[in-house]
Amino acid sequence: MKTSINSRRGGTANTNTDMTALTWWKFLFLASLILLVSFLIRLNYQLVQEISRPDDAALIADNTKSDAPDVDSEAEQRLKSLRSQVSGMKEKLGTIKGLVDDIQQQQQDGGGGGALSLQSNGKAINNNNNNNNQKEFPRLTCTAEVAKKQANRMNARFAEWWSHSACPDQVWMENINEVFDVASGEGTPDSAKPYLILDIGCNKGYTSADFLDALSPGTNMNPRTLVGAIRSIAREMNTKFDRDGGVCQDSDKPLNKDRTTKSETEVHCFEPSPATYNMLTKARTKLMPPGETTAIWHIHNVGLHEVNGQMSWHNACATAVGDELCTIVPEGTKDAVPVPVVTVDKFLEDAYPNNNPASAMPLVHMLKIDAEGLDPAVLVGSTTLLKQNRAIMVMFEFNPGLSEKDPPHGMWGRGGNPRKKLLEVTAWLDELGYDCYLDTRHVDEKERAKGVSEAPALYRITGGCLTEEPRVRGWANVVCASRKYGNVASLLRNLATMV
């Protein structure tokens, strides 16, 4: 059974819901809705008048009968403009209606229990903590103006701090256990099962350690204890592992202030490099006693892909711990290391067998992918899981620079094989019911002192909010939430404060 944890990193969660504020927001949106409807009616009236004008109607009729169109261009432009405005207003109307529905749902559920209050740039974000009326989050869209404004800030942010998305703050991780509990549904079969995390491309294990600290801190497996174990292993081997604290100084992350709670958690760490796999198993032995059954860290020496079988991997996989050259190479490559590969769907079917083939996949709380540019292939191998919306959240890396390295590898970027664009992948996820965001870092005190303007915790991609590939310098991280789990999708959307 899962136990509530009061605090993740930032202190005790505020459980008081400001119902008055919610009421005023509701009235504000309803007033906006009425204005939009009035404007839409006026536009439709103008459109009818424009079409009904005798001169323009005759011209349009003549145009349908003539092989050589001779329509009054000014009249035609007016019609196109009005039609465009009507279409745009209808889209805005749908978005406003979805927001009003979401606020109404928060207000209805607020009286039944507390609300989890997060902070982003000083702005409180209410995350409903009562799942009795869990509701699917609406698909929201951005206007061209909003999308452009967000893109300008995001691209400027890359110039201010190239790694702002490579090493994000992950604000959404705050109280993630409570977020997952709401999504699982109180009293449902899923709520009685362990938290399930898939850490694909585990490397030195810091994502695994971060989630174990967030979900079962009493297990004492966290980034701080992990780096100690890794350095101890290096001393025993009379060596030093490159970036042993993680490329983003992962071992320095603030820990969960709750140091005692244990919750049933299963974290599956997938690492194709035999050298890194051996180091991880030694670290697990040092940190987690064999009799520990509440929180379990499974470590698998396999790669994840869109097919099942065996593939050849770079020979760096055999000896170098955490080497980023450890990736798939062409068959026949000299000294290549053979490593088994499996799809996410196949792994889950085998690891969590169900006698009813038509039944749903197990509920995966986080599907994390860092596959050295092969992230799109791993996502394709997760199609059944994603179609069923049985992954609450998805996190993957976007690294277009890998395809331009020597040797090139991966699917992102101009040299991708086959080439995949970020917006193609997020559009596919959108069709399956997922909202995606570029994860980022807040502006810190040093930057503020230099006059750098504030930045959101997330930049929204889905719904036309990002219309061109981001100008990534280095690599970036994308986080997505299934709209089926309204509290999670709402949490991410509220962190994208520019849309």
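So, "buried" here means under 20% relative accessible area, with exposed over 50% and partly exposed in between, using a 1.4 Å probe and protein chains only. Keep in mind that this is a predicted model, where local features need pLDDT of at least 70, side-chain atom pairs count only at pLDDT 80 or more, and totals for chains, interfaces and linings use all residues. Residues are numbered from 1 along each chain as its sequence is written, and side-chain values use heavy atoms, with hydrogens and water left out.

Okay, helix H7, residues 223-236. Helices (H or I, at least four residues) and strands (E, at least two) are DSSP runs numbered from the N terminus. Which residues of H7 are buried? Pro223, Thr225, Leu226, Val227, Ala229, Ile230, Ser232, Ile233 and Ala234. Their cover includes helix H6 (206-215), helix H8 (274-287) and strand S5 (295-300).

At the N-terminal end, asparagine 222 caps H7, with a side-chain oxygen 2.9 Å from the backbone nitrogen of arginine 224. After H7 comes asparagine 238, with a positive phi near 55°.

S5 takes us to the sheet. It's open and mixed, eight strands in the order S5-S4-S3-S9-S10-S13-S11-S12. S5 and S12 (458-460) sit at the edges with a single partner strand each, so one side of each has no neighbour in the sheet. Pairing, by the way, requires at least two DSSP bridges between two strands. Strand S4 (residues 265-270) pairs with S5 in the parallel sense over six bridges. Phenylalanine 270, for one, has histidine 300 in S5 as its bridge partner.

Conventions:
The expected span of a helix is 1.5 Å times one less than its number of residues. Contact means heavy atoms within 4.5 Å. A polar contact is a pair of N or O atoms within 3.5 Å; within protein, one must be able to donate a hydrogen and the other to accept it, and residues adjacent in sequence count only if both atoms are side-chain atoms.
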